[in-house]
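Hi everyone, thanks for making the time.

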Amino acid sequence: MAAVESAPAHLSIAVDSYETALCIIPPADLCHDLDRLRSVYDKHHGRWPPHINVIYPFVDVEDLPHATPLIRSAWADGLAADDLHKLRLSLGQADVFSQPHSNTIFISDGDDTHIQSIYAIRGLALIALGQEPGPLHYHLTVGRSETQDTASRDFLLEKAKLLPPIAWTVQELAILVRERTYKDGIVSNRMKVWGTIPLPSSHTILSKEELSDEEELQAETVESTTTSKAVQPGSTYRFSSESTSWILYESSISPESQEDMPTSIRISSYNVLVDSMHPPPRERYPLLVETLLSASAQADILVLQEVTDDFLSHLLKIEEIRECYPYTTHGPAQQADIGPMSSLRNIVVLSRWAFGWEYVPFQRRHKGSAVLKFDSIGLRKGSDFYPLVIAGVHLTCGLTDGSVAAKRSQVQTTISHLSRTYTKSPCIIAGDFNISTSEYTINEACKNHKISPNTETGIRSLEAIFSDADFSDSWTVARVELGEATDRYTGKVPHDVFEGEEGATFDPTENHLAAETSGSPSNRPQRYDRIFLKGQESWHVCSFNMFGLPDDEDEVGLCASDHWGVRATFKTSASNENPKPAVDLHELGPVSVSRTPSAILSNESLLACLQSSHMAPTQSEINQREDVFALLETIMNTRSDLPFILVPVGSYGLGVWTTSSDIDCMFLGQISSKTFFALARQRIRKASDLGVRLLRKVDAKTGTMLEIDVRGVRMDIQYCPAARIVESWPESIRRPPSDPIFSLAMQSLRKLKAFRDQEYLQRTIPDLAAFRTAYRCIKLWAQQRGIYSAKFGYFGGIHITLMLSRVCKLVSVLRGTAGITAADIASVFFHHYAEFDWKSDMVFDPFFDKQVPKYSRLAREPMVVLGFHTPNFNTANTASVPSVNTLVEEFKRADSKLSEESMTWSKFLGGNVGDNANAVESHPGARDFLHTYDSYIKIGVNYWGSSLKKGSGLVGWLESKCVLLLVDLNRKLPHIHARIWPARFSAPDAGDATSDYEGCYLIGLTKAKDVDSNTKIDHNASKEALKSTLDRFEEQIRSDDRYFDPNSSWVQVTHVKKSALGDLALDTREWGVYAADDDADSDSEDEELDSEDDLPAEMAATSLQEPRITPVAAAKLRPAADILSRLRWDPNLDSQDYIVGYEDRFLGAKEIALERWKTEQTDDEFIPQHRILYFKRRSDGVIVWDRKMRVDLMFGSGASGVGVGEVKEEE
């Protein structure tokens, strides 16, 4: 090669223009791996192609036509022909040099002869332009990092070292010219190829305009950049056992036959966490691999986020991983012919099936979705095949205005691409969505001005983007429809979990790595990781689980990542496992979420309103109830050979209790009910020094119950004998309803039903915290409006629970859970039931029943609300036409109020209760009731006894009979609407009375709204009918000597004008004073124990074997008449030991002694035999004949196959 001489003095063209450059540009097809890194780490990417500057700055643009011939001529004269044809570069050496504000990571050729060739080319060009050659550092930039960030520098340098060498023969140099464009007031520029100067002895200078079509295409390829938001094809790698390496795989659609298509697929998603840029966090690799190979994580397709080159190389060396997942979106960068991935945190998808894929870039660097199209898995319709498509995502993290806007854009980009490109294919989106779900976190961010109100609204509505595009969250579907998406929050104390935290996959309170990455263990759990499905007509969710959780027995609680992994299993719709609801969910009533323009009905204002109304318990009240519950469990479990399982039921069990709520609880054991209550009374009395006292024993239709007081907290105790369930607790309660373990006596099933239904709700309600807040809101509304009392035919806790759970599930499945607050759910609840057709529709759970239940609705049932497990019955059996009309009226009023622009939760719920809680003025609903009607029915009651048991019994019994009066009023006076207020009124100063109690119940009367205005009403006849109805009711009350004693009480029923009511207040007193011997006469049917030694030690063991009926559906069941006849006339049977269970037309299931059963139709108490439900033996509680269960232990007919005295024992 010729030596470089000095520049001639006669010509000089300045080389000081930054608008042009003379460069060496490698072929575009060799720069894919390099460009992936440059797109992320080189700020000039998109403006400059990959290049080695030979002269920069270069000549002015206008001097290019003069300069290029000079350079060409100098090269032709000064370079040897062999050198022109043999300048071959190999850029494979990575290094770094520092500048004042940044580090530049580059690759170069380590061969000095190649460097000298470039130096000669540069020198000759400068001399030709009249300039002196100077030193230059030849390099191709990969990226830059900040000067002080050594970890970032070392990380990027390691990536550059993983790049495959870029080797080619240089045949030309390119002249780049800066091109500026103006769009929407924004100036942008990039260096475009103006022309090339070939190195061979060609005398042709090619400008851009003179390039051939092929050369022009190459030039455009050089100029194109990956920052353009076009979809980029990805390279799939397959592990070759022959070469023991990962090789490129060419995807080709080759659909399996319908028979060979897999009927199920499992997809796992896991964020493996990058907690150190450099050096790699290799100490966690073994635990990560162990997690990925665990039974709960293994899948057909594995979507990983935050994958580094180092971890992927480690992972793909493991034989078990290669066997499970022979296909991957990225190969190991440590393999010589495979380049590094573009980012520090990458999305990598591994699969057992072949696929092709593409990269859909987002607006932000580093971010995009990997979209896989499977070659042989998908949906076949006739001759058409639509491949399964899976998009792996990792959205922008953070809770700021900018990050939320970025998340929205990224979600829309992904869904838009799938909807546009794969219209008919089943699609799945899986990954780390980084969408904050904790209501507490969102509220705090807004309160601290970290996000704007618009962003708060935006993050809550993100879920709607998925539902609008027909994507369903597999966690929600599995939880609601299957009850299988259990997590670490199911068993947590209710007040420890905020709204939106159910199903959390990122939990700083449980995961030490999450606490470190979030900055504080006090940060709230979030459900970041999701798996969405579109194409439910071809695939459906059949299971969902989390993995990567620490072992409960591991005291250290080691976690492989700061996220829990998620796995969903999908089955083809051709399989009949876990069928979806057969009913159209959209036809079950409106569940759309519509928010008011302002924030006056916000979730935060609702919580504040509930707090001020004492509907949300304080921490001290929570602690107190936890203590008394534990104390009761300790008191009752004093013998290891006779264990009792204590479970909370009712409002306390569901976590919706309020300050005034009792604790309902149930013991499960292995002894008879009779023995249990004798034992319980004895142990409770012995614990009196611990602050425990027995108030009374109640014989209700559901069985015996004890009311006790434990350190000021009222508790109701029930008992369920269920030996086999106790034996295998708690696994037994989760068994399917058809399991033989539930072949119990009907009375036991009835008692166990409360807990089974509650357990089902806790497993299937998607957001229990939001449910609990909405429940308290609805309960407060019902109390304030005077419609909260089941005994009067209105709502009880069970009705609100069943009705609200239905709405929660419908909203979550049709709309999604994220961003849906308790305030939203409450609003939907009122609108849903304001539009409900109570006369023809029933409230049921379409996800439990799958189809409309086959419930035989009676003509007397104006309202049907069904539960879940056997025995299923109408929980609203006390509802009457007048009470349902009142409920409909209140629902429509509530729905209308919530649509008002200026409505607040405080106004809607009736404001705060003042210091005088009994004053009518403190209860707007009661105040309105006393002023709305012109006349009232007044049921006056007086009690001057001292026994709390008798006083409470009197008013409780009277209240239970009021529904009969409402039914009679509606039957005899259908043109009159009667509304009872479900509380007792008294004189304002009656609170001081301690022995003489006086109060009244009021029923407001008005014209029914559905009465035709043209209908003529005989007012005199109406007055007579009203009077006779009241007189008859009054006589019924006074004639029952079980509760009414004329020596200590009086009841009078009158029709009065509004003006005759006088001043009234709400009476919340207990009528009577507690006495220790109040329940002394209630033990007549209980066995008494002198001491616990009276209990035989073998009692627990001998009672483990319970009668179990083996159903035989084909056998005919003997009629009730045959059973009645045998019980009465068989000399071997004691008729006094049997009870008849029957369906009362107004009160539902009731029981009566066999001796009192009337068979003559002329008798006033005659009940048709077709309403007999069962016959039960008193002595042991065994159901000897049951119509619904087809049980007959008397003759062995139906499903029994045995006779009395021959009860089968399960071995």
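Predicted model: local features only at pLDDT ≥ 70, side-chain atom pairs only at ≥ 80, totals over all residues.

Let's start with strand E5, residues 102-108, which is joined to E6 by six bridges, with the two running antiparallel. Helices (H or I, at least four residues) and strands (E, at least two) are DSSP runs, numbered from the N terminus, and two strands pair if DSSP finds at least two bridges between them.

Residues are numbered from 1 along each chain as its sequence is written, and side-chain values use heavy atoms, with hydrogens and water left out.

Back to the sheet. It is open, with three strands in the order E4-E5-E6 and antiparallel pairing. Strand E4 (93-98) and strand E6 (140-146) are the edges, each pairing on one side only. From one strand to the next, the twist averages 25°. Helix H1, residues 32-41, packs on this sheet and touches E5 and E6, and its direction makes about 30° with that of E6. Contact here means heavy atoms within 4.5 Å; axes are lines fitted to C-alpha atoms, for helices over the stretch in contact, and angles run from 0 to 180 degrees between N-to-C directions.

Now, which strand is largely enclosed by the rest of the structure? That is E32, residues 976-980, because four of its five residues are buried. Buried means under 20% relative accessible area, exposed over 50%, and partly exposed in between, using a 1.4 Å probe and protein chains only. Five bridges tie E32 to strand E34 (residues 997-1007), again antiparallel, and Ile-976 has Lys-1007 as its partner in E34.

Next, Leu-372, in strand E19 (residues 368-381). Its relative accessibility is 0%, so Leu-372 counts as buried. Gly-356 is 16 residues away in sequence, yet the two C-alpha atoms are 5.8 Å apart. Leaving out residues up to four places away in sequence, Leu-372 touches several others, including Trp-357, Phe-355 and Ile-390.

Two loop serines now. Ser-438 lies between strand E21 (427-432) and helix H11 (439-447). Is Ser-438 buried or exposed? Buried, at 0% relative accessible area. Its side chain makes a polar contact with the side chain of Glu-501, at 2.8 Å. A polar contact is a pair of N or O atoms within 3.5 Å; within protein, one must be able to donate a hydrogen and the other to accept it, and residues adjacent in sequence count only if both atoms are side-chain atoms.

The other one, Ser-561, is in the loop between strand E24 (539-547) and strand E25 (565-572), and is buried too, at 0%. A polar atom of the Ser-561 side chain lies 3.3 Å from the backbone nitrogen of His-563. Beyond four places in sequence, Ser-561 touches residues such as Tyr-270, Arg-284 and Asn-511.

Finally, confidence. The protein averages a pLDDT of 84, and 85% of the residues score at least 70; pLDDT is the predictor's confidence in each residue, from 0 to 100. Over residues 1080-1087 the pLDDT is below 50, and this stretch has 15 contacts in the model beyond near neighbours in sequence. Residues 1096-1114 are also below 50, with 44 such contacts. Thanks, and I'm happy to go back to any of these spots.
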